[in-house]
Amino acid sequence: MSGDGTSSVAIQRGGGAPARPRAPTGIAYFQYVLNKKLRSPTPYLMALGIGGWILIYWLFSEVWNLPRFEKMPGPVAVISDWFSRKPFQGTSIFTETYYVHIWVSVRRIMIAFAIATAIGVPLGLIMGWSRRFKDYAFPILETLRPIPILAWVPLAILMFKGLETPVIFLATLASLFVTVLNTMLGVESIDEAYFRAAGCLGSKPRQVFWHVVIPGSLPFIFTGLQISMGVAWFSLVAAEMVSGDYGLGYLILSSYVNSVTVPMVIGMLTLGFVGWITSALVRMAGNQMMQWRTRALALEGR
Amino acid sequence: MHQTPPASALGRIPRVNVEIRGLNMAYGEAWHRQQVITDLDLDVPAGQMTVVIGPSGCGKSTLVNIIAGFEKPDSGIVRVDGQPVTGPGHDRMVVFQETALMPWLTVRQNVSFGPQLRGEMDRATLRAEADRLIDKVGLREFKDKYPLQLSGGMQRRAELARAMINQPKLMIMDEPFRGLDAMSRELMQEFFLKLFEENRRTNLFVTSEIDEAIFLADRLVVLSTRPATVRSVIEIDLPRPRTYAMLASEKAFDYKREALDILHQEAMKSFKMGSGQSDFLEAYAKRAQ
Ligand SMILES: Nc1ncnc2c1ncn2[C@@H]1O[C@H](COP(=O)(O)OP(=O)(O)OP(=O)(O)O)[C@@H](O)[C@H]1O
Ligand SMILES: [Mg+2]
């Protein structure tokens, strides 16, 4: 196998397989994916599911007026206000404050998520990698982690000035814990065989860190980041309800206080959509960074 | 008894002897210590295929881990080319029982992994060498694929290429074809044998399959049940290049008989000790007839 030129031991050779068509690129690729999606039952089932839920919601709240639903604005009321140029209750896609609320929340989430990831991932990697460091850091982490984020609110307000920083601090804290823990578990989940193989091939500890520890823990890191994104939204909205001047959490609570229930529901649904988009973005980033996994899953048809 | 390997191969592949003397290894705390290897002496002569066969769970992988330098024995020494083994090193390549290709690297990146990290070859040489070995193991069309996209047999071949590129003095194979279906397993055995017969790199091959063992071996080392020690060494004097047909010869049959007798005795022993390997016992009893 070495020094013997090019003699090759071929076990399998594709014989006269038909020529494969070229993979489409750019817009053609997009069209291909869209076409394929439209030919699968998924989009139709999704539409049916959404329609079904709205129908039930409409029947309960606007047609039958069931007890407990009588104060709830129905889908017709919500949708007609949401997309109206002159909303009865003051919030629609044509009012500027609606976007201010969304933007303020999204900005806070981006800052909190970025800080939590920038601190949490390295911290988790080191904790998983170095037994010693874990021994130092783990007790503190495990004591602080179970404290519900709302219990931090007074302290956050005392520690930070203004309205903005405490809110961001709370969201950061919540997602930091999740990210650290998942990253650490990710390192610990790496099969010993990869470390052995790397050692056998002559890598030094630092190379093992870069070439085994980091890529090996990525699946867990990204699972953690998705959860951390959800947790960040959760604590952000809670914090915005307690202390805030803008943001979707503030919109929901202030609508309630002012007895305008339609903007309240609009705020909730908007949170749902925006939260969905943010976690989809995290998932896409993960798929992009873990081609090896994405392609294997695609092979299994997932 | 062996044909002389091509001179060019002799030129580049280092010939080393491996000596293992007085190896002892136990696991567990003092109060339930379990001896896994006892007083094991073993030679792996240069340029030969030494096959170690032993019952499942007898301590074969532990032996491999010690030779590879992943674990330190309680006592005893492993010498490669006269040098005591103190830790893992790229002079000894292990192909593991379970696939250990990095799933996040493509086949080509996996094959280049060792030399690249050690910074031994320049980029162009490394690339050419990696491509040559990938071709050799028949994965040309798969070099940019990730391990999870390959079949089990292809993964094993990629792993062979990843080991070979390091020009190891010793190849250690720990049941590398276990878990492959019968067809791929046979193909892999033939393929691996052909590679070995081309270059005659010192090789330690661990298996629990008697036919595989006789097909490949120059020397067949039969281990006892746990704690492992060498029960017998059988010189397999079959011509090379080997073919499967040789397994049907009288001589091969005698070797098989001899090895199975010992394995059978070992199984009986462990059965009597009550370690509950009755299924194993039955299987070997049937085959030994
Ligand atoms: N790290 C460890 N800690 C404790 N016990 C161990 C460890 N590694 C192996 N053992 C024990 O040592 C014994 C031998 O294990 P080993 O893996 O070496 O056997 P094997 O012959 O390779 O088995 P197999 O056929 O399953 O590959 C087993 O009983 C196992 O439980
Ligand atoms: Mg084993």
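Biologist: Which residue follows α6(B) and has a positive phi, near 50°?

Modeller: This is a predicted model in which local features need pLDDT of at least 70, side-chain atom pairs count only at pLDDT 80 or more, and totals for chains, interfaces and linings use all residues. Residues are numbered from 1 along each chain as its sequence is written, chains are lettered from A and ligands numbered from 1 in the order written, and side-chain values use heavy atoms, without hydrogens and water. Helices are DSSP runs of H or I, at least four residues, numbered from the N terminus. After α6(B), the residue with that positive phi is Arg200(B).

Biologist: How far apart are the end C-alpha atoms of helix α6 of chain B?

Modeller: This helix covers residues 182-199, which is 18 residues. The expected span is 1.5 Å times one less than the number of residues, which gives 26 Å here. The model agrees, because the end C-alpha atoms are apart by 26 Å.

Biologist: Is Lys60(B) buried or exposed?

Modeller: Lys60(B) sits in helix α2 (residues 60-68) of chain B. Buried means under 20% relative accessible area, exposed over 50%, and partly exposed in between (1.4 Å probe, protein chains only). At 4% relative accessibility, Lys60(B) therefore counts as buried.

Biologist: Which residue has its backbone oxygen 3.0 Å from a polar atom of the Lys60(B) side chain?

Modeller: Contact means heavy atoms within 4.5 Å. Leaving out residues up to four places away in sequence, Lys60(B) touches Gly54(B), Pro55(B), Glu175(B), Val206(B), Thr207(B) and Leu223(B). The backbone oxygen at 3.0 Å belongs to Pro55(B).

Biologist: On to the interface: what area is buried between chain A and chain B?

Modeller: Here 31 residues of chain A are in contact with 48 residues of chain B. Buried area is the accessible area (1.4 Å probe) that two parts lose on being put together, summed over both. Carbon and sulfur atoms give 64% of a total of about 3600 Å².

Biologist: Which residue of chain A meets Glu71(B) in a salt bridge?

Modeller: A salt bridge puts a side-chain nitrogen of Lys or Arg within 4 Å of a carboxyl oxygen of Asp or Glu. The count between chain A and chain B is 1. At 3.4 Å, N to O, the partner of Glu71(B) is Arg196(A).

Biologist: And which element gives the largest share of the side of chain A that touches chain B?

Modeller: Two or more residues come from each of α8 (192-200), α9 (205-242) and α12 (291-299) of chain A. The largest share, 7 residues, comes from α8(A).

How values were computed: A polar contact is a pair of N or O atoms within 3.5 Å; within protein, one must be able to donate a hydrogen and the other to accept it, and residues adjacent in sequence count only if both atoms are side-chain atoms.
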